[in-house]
Amino acid sequence: MSTEENPLQPPPWLNAPPVDPYPYEETHDLRTGPDLHGDLLDLLPFVGVWRGRGRGGYPSIEDFDYAQEIRISHDGRPFLFYESKAWILDAESKPVRPGGREVGWWRPAGKDGDELEAIMTNPTGIMELYLGKVEVNPPRIEMVTDFVARTSTAKEVTAGHRLYGIVEGALLYAQDMAAVGEGLTPHLSARLIRVGG
């Protein structure tokens with residue numbers, strides 16, 4: 001039977017040999033890896049690995065202390081990769097359990113690069129599209145949700161507001177959230193120290 005008689009032939013990649021690992025470097029350290037894309041220069045102070053502690057709460061939950069690590073990296077293209085891992089702490093600052101996880105992409109927008117588009121997702125079924133402003137002196141990002149999508153099993157989140165800033169070499173941030181019938185309300189705030197990059 002010819003290919004013309006049977007168009008459902010196996011794809012050419014089906015029996016192809018294995019490929020090597022991903023060949024392009026991503027880095028949070030500006031001394032190694034690809035050069036930072038010129039469109040990201042205003043965001044340069046945020047690139048790195050940050051670790052510290054914060055406080056969380058919301059009207060529908062008890063206040064809690066947490067530790068967090070945020071990694072902001074690039075691969076030479078005009079966007080940053082954002083990854084956050086948090087864990088809950090007890091009164092003696094000992095880990096109790098894993099906390100929130102989040103990944104996302106930050107991309108400069110606007111003709112002067114002073115605007116930012118960010119997509120943030122988490123494993124609980126929520127994706128937020130943020131639009132924001134970037135300030136250079138002092139380094140500061142403020143963003144608000146333009147759109148929130150959630151799966152049918154995710155809690156109701158309708159809006160968010162985030163503020164990131166570099167203060168005396170540390171990454172400070174505050175996050176407000178509108179969820180489960182509440183309006184925009186403070187939810188998380190933390191101070192993180194640069195540990196890499």
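I will call a residue buried when its relative accessible area is under 20%, exposed when it is over 50%, and partly exposed in between, with a 1.4 Å probe and protein chains only. This is a predicted model, in which local features need pLDDT of at least 70 and side-chain atom pairs count only at pLDDT 80 or more, while totals for chains, interfaces and linings use all residues. Residues are numbered from 1 along each chain as its sequence is written, and side-chain values use heavy atoms, leaving out hydrogens and water.

Rings of Phe, Tyr and Trp (its six-membered ring) pair if their centres lie within 6.5 Å; planes under 30 degrees apart are stacked, over 60 edge-to-face, and the rest tilted. How many aromatic pairs does the structure hold? There are nine. One of them is Phe64 with Tyr66, a tilted pair at 5.9 Å between centres and 45 degrees between planes. Phe64 is buried at 18% relative accessible area, and Tyr66 is buried at 3%.

Next, Tyr82 and Tyr164: the centres are 6.3 Å apart and the planes at 75 degrees, so this pair is edge-to-face. Tyr82 sits in strand 3 (residues 80–89) and Tyr164 in strand 8 (residues 157–167), so to speak distant parts of the chain, 82 residues apart. Strands here are DSSP runs of E, at least two residues, and helices runs of H or I, at least four, numbered from the N terminus. Both Tyr82 and Tyr164 are buried.
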